[in-house]
Amino acid sequence: MWTSKELSELIKSKLGDRLLIVVSNREPYAHIFDGDDVKYYVPPGGLVTALEPIMKASGGYWVAQANGEADASVVNEKNEINCPPDNPIYTLKRIFLNKEEETGFYYNFSNKGLWPLCHITYTRPQFTEKDYETYKKVQEKFAESIAEIVQDRPAFVFIQDYHFVNLSKLIKEKLKNVITAQFWHIPWPNSEVVRILPFKNELLDAILHNDLLAFQVQYHAINFLDTINRFLEARVEYDTMTVTKDSHVTMVSAFPIGIDYEHVSQLSSSEKILNLRNELLKRYRLKDKLVAIGVDRIDYTKGILERFLAVDSLLQRYPEFIGKFVYVQLGALSRIQIQEYKELNDKLNNMMVGINEKYELNGWRPIVLIRANHSQDIITAWNGIANISLVTSLHDGMNLVAKEFVAARNNIDGVLILSEFTGAARELSDAILINPYYVDGLVEAIKSSLEMPLEEQKRRMSKMRDIVMKNNVYRWAAKILSEIFNFEFVESDS
Ligand code: F6P
């Protein structure tokens with residue numbers, strides 16, 4: 001298993017005096033006011049969970065959009081703050097955007113446009129020229145900040161996600177000795193879908209300034225090569241997985257992202273979490289209940305409505321579960337300025353109220369919806385409590401919630417119900433794989449999971465735990481480094 005220490009040594013030996021800079025839209029810590037005090041929280045989403053252990057292993061800079069209302073009050077004159085706040089190891093450089101910039105860049109072009117385009121869940125993508133101009137302008141701001149950090153030093157800039165399609169180009173226009181890699185955390189659709197993207201030639205040309213472009217699964221990497229083949233004049237080689245454009249070569253690969261398995265597993269057995277589990281069982285009166293859990297940003301790609309429909313059908317079809325089964329949905333509010341997200345929130349509320357009223361029995365209710373930004377402690381405690389985890393995304397690049405559930409199951413029991421449309425399904429074939437568009441199938445999957453013999457649960461769970469343990473986030477980072485710095489990747493023997 002790859003460890004933080006091994007990754008840290010690898011980074012030192014391969015990067016030498018090259019500065020490491022990670023760039024993402026979402027920051028790892030956001031500061032907020034609490035009366036006269038300032039406190040911080042970790043924003044939701046798989047990206048932050050995955051990258052924080054790497055930054056802790058490597059040090060360096062993390063450049064991200066400032067998001068907390070108190071962010072400005074805790075940074076120095078360069079907008080920097082040492083992180084993690086309680087035990088600093090790396091520097092977070094915050095980029096402050098005004099309302100207009102945040103709307104055009106984050107809400108509109110990234111999340112009303114590119115997000116639905118790439119996820120294909122039948123939400124119509126929207127693009128305007130004004131948003132695209134703002135999207136580029138904000139990336140220019142990021143590039144300027146990166147140039148300020150780097151100056152004339154050699155650097156490796158590791159860019160995250162669809163918020164920064166033009167960034168490698170903008171960075172390389174300013175800096176000479178910089179290598180860039182970009183990881184695309186979400187799906188890359190086939191070329192027919194990309195066809196509707198206005199500005200696609202400029203965007204595709206820009207992203208090819210990366211030295212490495214990595215995806216979660218091979219299918220998305222191939223979709224990308226097909227897209228370039230179709231729309232740009234460039235040499236696409238499928239056998240070497242490279243694109244050559246204007247004599248620059250971009251390597252294209254698939255590296256499924258992982259989690260810090262060891263950390264989650266140890267946390268799950270800690271006294272703190274065991275106490276928390278007892279507290280939650282008491283608070284929600286779940287001691288003698290069969291519990292299913294869902295942990296998501298409230299997003300239309302996650303298939304949360306489908307889960308509520310499945311709970312309704314399960315109780316209708318199999319009334320023996322009335323009074324015995326509870327579905328707990330942990331939902332973090334997300335992108336709430338966007339109409340589709342507002343509507344989803346309202347719908348979820350109405351559905352929950354309707355289903356709970358329909359089946360309510362002596363104070364028992366089938367759905368508990370807890371809307372908050374849940375800490376890793378809370379999520380780990382719930383993952384320990386649940387008999388079943390429901391991951392029913394309509395489309396998902398990876399889905400680290402599934403991997404966190406597996407890592408938290410130290411008793412090797414419990415069942416993961418997993419959408420076949422997640423990247424995670426390619427690795428976790430011992431989950432109960434379902435098609436979330438087929439709610440009847442989901443209902444049967446929940447029923448058979450609730451009735452699955454312990455032997456069978458353990459057989460499946462132990463195989464999945466081996467995979468999640470081995471393919472952890474340190475191995476993921478080491479593999480990316482081996483590709484970009486061209487050394488042979490060796491499995492860890494620790
Ligand atoms: O993994 C996809 C992603 O969009 C990340 O880029 C992001 O940080 C995470 O999901 C959460 O979304 P948001 O930052 O928009 O809340």
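In this report Ala, Val, Leu, Ile, Met, Phe, Trp, Tyr, Cys and Pro count as nonpolar, Asp, Glu, Lys and Arg as charged, and the others, Gly among them, as polar.

## Basis of the report

The structure is a predicted model, in which local features need pLDDT of at least 70 and side-chain atom pairs count only at pLDDT 80 or more, while totals for chains, interfaces and linings use all residues. Residues are numbered from 1 along each chain as its sequence is written, and side-chain values use heavy atoms, with hydrogens and water left out.

## Surroundings of the ligand

The ligand is surrounded by 13 residues, a residue being near if one of its heavy atoms lies within 4 Å. The closest are Arg-26, Tyr-106, Asp-161, Tyr-162 and Arg-335. By class, the shell comprises six nonpolar, three polar and four charged residues.

Polar contacts are pairs of N or O atoms within 3.5 Å; within protein, one must be able to donate a hydrogen and the other to accept it, and residues adjacent in sequence count only if both atoms are side-chain atoms. A side-chain N or O atom of Arg-26 is 2.8 Å from an oxygen atom of the ligand. For Tyr-106, the distance from such a side-chain atom to a ligand oxygen is 2.5 Å. Asp-161 has a polar side-chain atom 2.5 Å from an oxygen atom of the ligand. Taken alone, the ligand exposes 380 Å², of which the protein buries 91%; these areas come from the Shrake-Rupley method with a 1.4 Å probe, and for residues only the protein chains shown count as cover.

## Aromatic rings

Rings of Phe, Tyr and Trp (its six-membered ring) pair if their centres lie within 6.5 Å; planes under 30 degrees apart count as stacked, over 60 as edge-to-face and the rest as tilted. This rule gives 28 aromatic pairs. One of them joins Trp-188 and Phe-215 edge-to-face, with 6.0 Å between centres and 80 degrees between planes. The two residues are 27 apart in the chain: Trp-188 lies in the loop between strand E8 (178–184) and helix H7 (191–194), and Phe-215 in strand E9 (residues 212–215). Helices (H or I, at least four residues) and strands (E, at least two) are DSSP runs, numbered from the N terminus. Trp-188 and Phe-215 are both buried, that is, under 20% relative accessible area, with exposed over 50% and partly exposed in between (1.4 Å probe, protein chains only).

One aromatic cluster is formed by Phe-105, Phe-109, Phe-127, Tyr-132, Tyr-135, Phe-142, Phe-164 and Phe-199.
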